[in-house]
Amino acid sequence: MRKNWLFLLLATILVTVQYEAEAQSKNKAKYRSKANDPIKRVSDPSLMAHADALFIDQSYFNAIDYYQQLKQRSERDPYITYQLAECYRFTRDYVPAAHYYTEVKNLAKKLYPLATYYAGQMLKQQGEYDAAIASFKEFLEDNKKTTKGELQLDPKTVKALKKMTKIEIEGCEMAKVSIKNPEPVTLLNCGPNVNTTYTELSPYPWGDTALLFSTIGRNELQETNLHGVSDAKEHFMVSQKQPGVVDSFQWPLPYNDGDFRDADAHVGNGCYSPGGDVFYYSKCKEDPADSMEMKCKLFFSKFRDRGWQPSVLVPIDQKPEFSYTMPWIAKVGKKEILFYVADVKLQSRGRFDIWYTVVDPRNGTFRRAQNAGKMINTAGDEITPYYDSRDQILYFATNGLKSFGGFDIYSAEGGPTRYKNLHNMGYPINTSADELYYVRDRVGKPDAYVVSNRIGSFALKNPTCCNDIWRIQQEPRLVVIGKVLSKKTLELMPQTVVKMADQKGDLNTYNSEDGNFLFNMSRGHAYVITGDKPGYTSSRASVSTMEIKRSDPSDTVEVTIYLDSVKNSFSVSNIFYDYDKATLRPESVAALDSVVSFLKDNPAVNVEIYSFTDAKGTEEYNLALSQRRAQSVLDYLEKNGVERGRLTARGYGEKNPAASNGDNKKDNPEGRQLNRRTEFRIISEVPTRRVIYSSAQPGTMDQQERNLRVEPEEDDEPKTPGKPEPVNDDDN
């Protein structure tokens, strides 16, 4: 029987553990040397048979090499392409997997009806959420009816997949919203003294001084058999923290206190009883009836007479045909509860469920095991349970609920059977990759660990092949709350989209129904907050978290945004030119920067730039000079990030003076300086620029824009302006 990466994970290893050693195998010279590889010289049927044999034996990296040779000879063969896609999926190489599933979908969808579904999954797991949604919707469209049709899927399979596809789409939508509003945490890879190019699992913090975890090795070369499967076994190691360096670890040492290592089994998932005198763990071996199947069992050892006693099976009727793994023991109320994962069929809701048994620490008895219930367990897989007795919360990984991609960490209050407030832990704890083994520190700030194959992990074959242990550092929760008020009436302005942009231009939006809004902030950012409502211009509020440290307490900042009805024209003081020149004087920069901010804060507004001269010179000369001056303002605004299409430059010469130029008897230099000026007129609002994506509204940004798009009316030829109504700089 072929097992996927999940099942090997439940054996405390991933499928990558079996084939990670291939590239470093001492046997690769005789088996993988392409120059002398006899397989290259055999016929296609023989090459295909060899590739398929490697696939069946789960030697997926080797299988990829030979399927790629076949692909070069038969580029449009759907079987070869599908096998490549499957290999890349099992090795968690999401980009080529999505590519080949999409290719199969276009080549032979009727022969491979699941290609569309898997293409969506692989796009989702690389964070391409819009493309994933499109692929999932295509799968639903192909299977509108649950009866067996052109795609040759039985009704039961179609029904289950359609249900899961809708959950996958919900997960994509959730991820897009959460990424825009991340949780106040920072994730750091635990570094090369903990993580290797192999897989690390089951972190268990020892206070704030050390970390117990399981690993297959320390990057040393591993002996492998013909198919690249290593004989190395998962085992425990301990890494002490570096003194004086936050979340930095020393070179690990084998954990030999209880002699839990087994040369014939994979050992991992260690945890201690609340009293610290009982150690639970799982041990996994090949099934004697099927060498391609792994079976896991739960063991425990008691500390007596200054030493650990020999390990024995946990007495919960562990049947040989099922796996029992991933133990976690904790106080739930006054009871001591052992949580674990099993694939037993009776009372199960999916393949792998979370179960529990009540332990009596006085006599060491275990009550009959119970399923953790339908709020926790789904038709998918629930694994890696961790229970925090301080808050009475169960944390676990699942792929049966809506997720960012693959497995996500969820939490639920209560236990051991009744739970409430089921909650996805959000970004960046969860990503498009797989997240497993969430566990918090036992003391101090609620920092935690999580296992993930996200980008940034130490990888042997591809960027997401292998799991590392990551450190979750709790940040202060920084929140900005505010109100949007009418500048004229000081009343709340409902139906306003509030925008918060940081110094990099990254934008978050809040669809305020009643004029109130809230944003989460991160350390090390400078934010500008504005409002957006048709017919109004917005002021801005600035908030900085640049100086906040991780050790600082959480904080909330209050701000107010004012909206003012759009005025036909406004002037900005202190835009000056030298006599007879179109060059902007240095003291004009501050005033022009206020215009830049105004136009960026109000992206729907188009403006005309009117420039004027004094009365010196001929009317024709002054008209040309004023046009050059208007153009110099336009160039400055465009250079500083205002789109060229929003701006029109017009010169009006000496028309409409703002002050007297003097007469033949007396010159008025002050008045002439005031007449050398630039004014602005709002000529239109473009609704397609005003419609900013709102996380509270359904659909993508493009969909929201299409739904709300209104074609702007054509502007009349603007008339020569009269003297504008002055507007203070702080209104702009």
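# Strands, sheets and a helix pair

In strand E21, Ser452 is the bridge partner of Glu435. That pairing is one detail of a predicted model. The protein has 15 helices and 34 strands. Of its 732 residues, 55% are buried. Among contacts with a separation of 6 or more, 59% link residues 24 or more positions apart.

**The four-stranded sheet**

- Strand E20 and strand E21 (residues 448-452) are joined by four bridges and run antiparallel.
- Both belong to an open sheet of four strands, in the order E1-E22-E21-E20.
- The pairing in this sheet is antiparallel.
- Strand E1 (185-189) and strand E20 (435-440) are the edge strands, and each pairs on one side only.
- From one strand to the next, the twist averages 25 degrees.

**Strand E12 and its two partners**

- Strand E12 covers residues 335-342, and seven of its eight residues are buried.
- The strand is therefore largely enclosed by the rest of the structure.
- E12 runs antiparallel to strand E11 (residues 324-332), and seven bridges join the two.
- One point to find in this pair is Ile329, whose bridge partner in E12 is Leu338.
- E11 and E12 form a hairpin with two residues between the strands.
- In that hairpin, Gly333 takes a positive phi near 70 degrees.
- E12 also pairs with strand E13 (residues 353-360), again through seven bridges and in the antiparallel sense.
- Here Ala342 has Asp353 of E13 as its bridge partner.

**Strand E29: two faces**

- Strand E29 spans residues 540-544, and its side chains alternate along the strand.
- Ala541 and Val543 point to one face and are buried.
- E29 pairs with strand E27 (residues 526-532) over five bridges, in the antiparallel sense.
- Ser544 of E29 stands opposite Ala526.

**Helices H11 and H12**

- Two packed helices are described by the angle between their axes and the distance between the axes.
- Helix H11 (residues 589-601) and helix H12 (residues 619-639) pack at an angle of about 60 degrees.
- Their axes are 10 Å apart.
- Because of that angle, H11 counts as oblique to H12.
- The crossing of H11 and H12 is right-handed.
- H11 makes the contact with Val589, Leu592, Asp593, Val595, Val596 and Leu599.
- H12 makes the contact with Val633, Tyr636 and Leu637.
- By class, the contact has eight nonpolar residues, one charged residue and no polar ones.

**A closer look at Ala649**

- Ala649 sits in strand E33 (residues 647-651).
- Is Ala649 buried or exposed?
- Ala649 has 14% relative accessibility, so Ala649 counts as buried; the cut-off for buried is under 20%.
- Leaving aside neighbours within four places in sequence, Ala649 is in contact with Ile609, Gln627, Ala630, Gln631 and Leu634.
- Ser626 lies 23 residues from Ala649 along the chain, and the C-alpha atoms of the two are separated by 9.6 Å.

Methods:
Residues are numbered from 1 along each chain as its sequence is written. This is a predicted model: local features need pLDDT of at least 70, side-chain atom pairs count only at pLDDT 80 or more; totals for chains, interfaces and linings use all residues. Side-chain values use heavy atoms; hydrogens and water are left out. Axes are lines fitted to C-alpha atoms, for helices over the stretch in contact, and angles run from 0 to 180 degrees between N-to-C directions. Angles under 35 degrees count as roughly parallel, over 145 as roughly antiparallel, 65 to 115 as roughly perpendicular and the rest as oblique. A crossing is left-handed if the near helix is turned anticlockwise from the far one by less than a right angle, and right-handed if clockwise. Contact means heavy atoms within 4.5 Å. Ala, Val, Leu, Ile, Met, Phe, Trp, Tyr, Cys and Pro count as nonpolar, Asp, Glu, Lys and Arg as charged, and the others, Gly among them, as polar. Buried means under 20% relative accessible area, exposed over 50%, partly exposed in between (1.4 Å probe, protein chains only). Two strands pair if DSSP finds at least two bridges between them.
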